[in-house]
Amino acid sequence: MKPRTFSKDGKANTTTMARIPTTELRRYLLTGQLTRRGCLHLRSSTLAPPILPLRTLSTTPPTPSDQQPQIIPLRKQLKDQAKAAKLSGSPKKKLKKSDNQTVPGWDLTVGIEIHAQLNTPSKLFSHASTPSSSSDDAAHHHHPNTHVAPFDLAIPGSQPSFQPTTLIPAIRAALALNCDIEFISRFDRKHYFHWDQPSGYQITQYYHPFARSGSVTLYPRDGIAAEDGEQVTVGIKQVQMEQDTAKTLAQPNSTHYLDFNRVGVPLVEIITEPCIHRPATAAAFVRKVQMLLKSVDACISGLEQGGLRADVNVSVKRTGEEELGTRTEIKNLSSFKAVEDAIIAERDRQIRVLEEGGRIEGETRGWSLGSMETRRLRGKEGEVDYRYMPDPDLGPVVIGRDLVERLEETMGMLPDEEVGVLMGRFGLSERDAMALMLIEGRLEYFYGVLEELERMLGVEAVEGGEKRHTMLAANWCLHELGKLTEAEEVGEAAAEEVTSQVPEQDLAAILFYLHQKKITAKVAKDLLWDVFRGTIATGGVTEQIDSQDLWYKEITEADYAAIADEVIEGQEKVLQDFLKFKQGKSKAYPQGKLGFLVGKMMRAGPEQGKGMDPASAERVMRVRIEQVYLPRLEEAQ
């Protein structure tokens, strides 16, 4: 290396710099040490050694200060934080849903759009059948692109042909939502380009829908927030018919498969006014709409089965401000929990952005179940211009007044009225009545079981006003059938088809013998499992009880008393609690101790309680304690 230098007269000179040995360079680079000779030594005062050596070799163990800090896994850190918070008595970070409904100083506004698939055999503008209406549904439904007509694929020259049968469930849905029917409505083209829309536009009823100005009233039993009081009325802006799009199936390597079975499937879009202010109330509204549509047979299935899809528009503003904030839309929420959780997350995100001085962007966002925040999907620069125009290939839809009147007369009971019947006529609790209506197909199953049970009980039991058999049927249709689906050996498919695996007549037979005290509750539950697993043929409950000798033969009163005396022996401490209550030294009757003694009776009986009735055992045990053993204790004192 020959650097250039200059003399006093300005002429350039060339000097030769000695090559630095490799060992010295390594010593400087690795340890920061400089030799006393050479040009590096002259600048040693201005050169600082590296902060840390790249590599050092040592035979002595490092001191604690030289060791790297211990890496603690995130999961362990979270557990340690939770334990510390619990020990310190500080509240948990996650609030209860009841505490998440409002944020002080802020107002929430929510509007909802619900898309429901109508219960029709054909598509909206073609003669192709809908996938759910196929006669060989189990084998045919899952084959892609088998329910497709030329118009569904936008084949050039194909024309839409409105199917009048699709109008019937749509009108029933609008009537259930208390809407005013528009006797003349029209179809519009909503233009946008996406791979799931072959024609480049969707046919809908944006400007001239077939129904307007509806309302749905919600009550505490529907699950509204406590802050909303005794009832909330949600306004329905309009209900419009429109066609569905294709189903996109994501594949690896940025590949997407398209199933056109869903293109043209008839939908109703239910658009609310922006009048909901609590996340729980929004979820309750979607749940109530599902109940209403199912009660009039307008929709094929519920939200969590894919028959409904909900989009929510969320905005926040400071309390006292009149103008609503910028709204964001959360698309395709597929469960009631997702509706509530997504609104809470988006509300909190918007508040956080505004408090930090930011601005809310009008955009479309997504939500995944179990997430803590919504995610951005795409932006909206103002209102999207879909270039709506009247569809030139479709004429107006004219609805006759006589058709609307006929559908009003034949709609049957709506959910609020049916809940009243279940509670008043059948003696069900409000909770059980709502559960029967919410579980897919369970209310119809309950009515079928009850009808068969009342046939077996006879006219006298039914007309006598007794409600024990109705409550028994409801309890088993809800809770005992529910236990079948909770078992580990029961798969997801079996859980959905539990009512089809337990025929109504077999459950009614089990309940009949249980109601008449001809079998015990344990035997009844075992029989239910056998029916569910298919080990008892349909209609074979009575034969199974006969062959296995499962009939209940209750022991005598004297046998009950003998078992009670055997159990009480040596239980002086327990008897003292009953004596204290009798003498007024204790305010509460020791019901728990009585249950303890009855349990011992059932275990001490013949074949661990076979032939024993728990109610009879409790009655005899109470009598023996009060009439025999307490007087003895009082005499001893």
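Q: What does the side chain of Q243 reach, and at how many Å?
A: The side chain of Q243 reaches the backbone nitrogen of I203 at 3.0 Å. A polar contact is a pair of N or O atoms within 3.5 Å; within protein, one must be able to donate a hydrogen and the other to accept it, and residues adjacent in sequence count only if both atoms are side-chain atoms.

Q: What kind of model is this, and how are its residues numbered?
A: This is a predicted model, in which local features need pLDDT of at least 70 and side-chain atom pairs count only at pLDDT 80 or more, while totals for chains, interfaces and linings use all residues. Residues are numbered from 1 along each chain as its sequence is written, and side-chain values use heavy atoms, with hydrogens and water left out.

Q: Why is Q243 called buried?
A: Buried means under 20% relative accessible area, exposed over 50%, and partly exposed in between (1.4 Å probe, protein chains only). Q243 has a relative accessible area of 4%, so Q243 is buried.

Q: Where does Q243 lie, and which residues does Q243 touch?
A: Q243 lies in strand β9 (residues 232-243); helices (H or I, at least four residues) and strands (E, at least two) are DSSP runs, numbered from the N terminus. Contact means heavy atoms within 4.5 Å. Not counting residues up to four places away in sequence, Q243 touches L124, F125, F151, Q197, Y201, Q202, I203, G264, V265 and L267.

Q: What makes T120 buried, and what does its side chain reach?
A: The relative accessible area of T120 is 4%, so T120 counts as buried. T120 lies in the loop between β3 (106-117) and α4 (137-140), and its side chain reaches the backbone oxygen of S122 at 3.0 Å.

Q: How do you know that the span of α21 agrees with its number of residues?
A: The expected span of a helix is 1.5 Å times one less than its number of residues. Helix α21 (residues 591-604) has 14 residues and should span 20 Å; its end C-alpha atoms are 20 Å apart, so the two agree.

Q: Which residues of α21 are buried, and what do they pack against?
A: L594, L597, V598, G599, M601 and M602 are buried in α21. The buried residues of α21 pack against α19 (557-568), α20 (572-582) and α22 (614-636).

Q: How do α19 and α21 cross, and which residues meet?
A: Their axes come within 9 Å and cross at roughly 115 degrees. Axes are lines fitted to C-alpha atoms, for helices over the stretch in contact, and angles run from 0 to 180 degrees between N-to-C directions. Y560, I563, A564 and V567 in α19 meet L597, K600, M601 and A604 in α21.

Q: Why is α7 called largely enclosed?
A: Of the 20 residues of α7, 14 are buried, so α7 is largely enclosed by the rest of the structure. Just after α7, G357 takes a positive phi of about 90 degrees.
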